[in-house]
Amino acid sequence: MGKIVGAALASHHPGLMQCEEFRVLMGNGADSDLIPGYARLRDRIKAVNPDVVVIFDTHWFTTGYHLIDGGPHYEGSYISDEMPWYLHGVPYNYRGHPELALAIEAVARENGVRTRAICHPELGRHYASINLIKQLRLEDTPIVSISSCQNCEPKNFLESGEVIGEAIRRSNLNVLMLASGALSHKFNNIDWKPGNPRIFHESNVSRPENIESDKQAIEFFRQGRHDIILERWDSDYRQKPWEAFGAHYLQMIGAMGGRECQARGVPLSEYENARGTGNIHIWFDVNGQQA
Ligand SMILES: [Fe+2]
């Protein structure tokens, strides 16, 4: 029987793909803690030794269907059309896992959930997947990316996650899940001036109420209280909103039982600003969760 052996929420913000000298300069003399945080995350991933990594990609927006990368292999050179002046020429070369992608689609069809596997080898890449693959050095592990379907309610994301969890259980695979994205995702304006000289400092996140809400969510993660987060979703987190309206977190937690999930979060980095958005890496202890 297959299982989820690990799960994490991870930042992919593009500033982390700048060179170290520039990051240290922007950090007022010290690098972003998300960089050593990637090393901490790599140690956790190594310890659970997954057969496949599922990445919930908050930059792959789809309409009408939850989509799954079902290609056998992806290779090329990535250039972002959002910030090509520095995020360009990123080589990638990794395997997919068509069997898992097609198995998720099969379970979705059984359950009447609108999910499809797309096996076209030329399907575009997004940096929410590519940056994590690079920073976490995942090239030797098959990767399956999942889209963020933009005409969904939160319950639709939870349903998408449920079928992913069921497909994993029916497989013989040990799967790691990565929710790639930020918490609150309100950008600072183009001519904004940082209040704190360290650009990554949390006080540079867009609004005080977003900082407060993100930190409260992190505390609920620590306690394993995903039920409270889901209960407050519409009134709080959906309003901020989280990146891709929380498609990354909601699908991941849907795969782990939704409101029943009690996996405790372990922060692996400081909580930091990126262009006004709230970023952190958090590992979820799936083995320690109570049934
Ligand atoms: Fe992003």
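Colleague: Which residues of α3 are buried?

Modeller: The buried residues of α3 are Leu100, Ala101, Ala103, Ile104, Glu105 and Ala108. A word on the source: this is a predicted model, in which local features need pLDDT of at least 70, side-chain atom pairs count only at pLDDT 80 or more, and totals for chains, interfaces and linings use all residues. Residues are numbered from 1 along each chain as its sequence is written.

Colleague: What makes a residue buried or exposed?

Modeller: A residue is buried if 20 or more other C-beta atoms lie within 10 Å of its own, exposed if 12 or fewer, and partly exposed in between, with C-beta atoms placed from the backbone. Gly6 has 23 C-beta neighbours inside 10 Å, so Gly6 counts as buried. Gly6 lies in strand β1 (residues 3-10). Helices (H or I, at least four residues) and strands (E, at least two) are DSSP runs, numbered from the N terminus.

Colleague: Why does Pro84 count as exposed?

Modeller: Pro84 counts as exposed because it has 10 C-beta neighbours inside 10 Å. Pro84 sits in the loop between β4 (73-78) and β5 (90-95).

Colleague: And why does Asn28 count as partly exposed?

Modeller: Asn28 has 13 C-beta neighbours inside 10 Å, so it counts as partly exposed. You will find Asn28 in the loop between α1 (20-26) and α2 (34-48). Asn28 also has a positive phi of about 60 degrees, although it is not a glycine. Arg137 is not a glycine either, and its phi is positive at about 55 degrees. With 14 C-beta neighbours inside 10 Å, Arg137 therefore counts as partly exposed. Arg137 is in the loop between α4 (127-135) and β7.

Colleague: Back to α3: what covers its buried residues?

Modeller: The cover includes β2 (52-62), β3 (66-69), β6 (115-118), β7 (143-149) and α5. Covering is judged by contact, and two residues are in contact if their C-beta atoms, placed from the backbone, lie within 7 Å.

Colleague: Why are α5 and α9 called oblique to each other?

Modeller: Helix α9 (residues 247-255) and α5 pack at an angle of about 45 degrees, with their axes 6 Å apart. Axes are lines fitted to C-alpha atoms, for helices over the stretch in contact, and angles run from 0 to 180 degrees between N-to-C directions. Angles under 35 degrees count as roughly parallel, over 145 as roughly antiparallel, 65 to 115 as roughly perpendicular and the rest as oblique. α5 and α9 are therefore oblique to each other.

Colleague: Which residues of α5 and α9 make the contact?

Modeller: Among them are Phe157, Leu158 and Ile164 of α5, together with Leu250, Met252 and Ile253 of α9.

Colleague: Last one: where is the cis peptide bond that joins Lys240 to its partner?

Modeller: The cis peptide bond joins Lys240 and Pro241, with omega about -20 degrees. Pro241 is in the loop between α8 (233-237) and α9.
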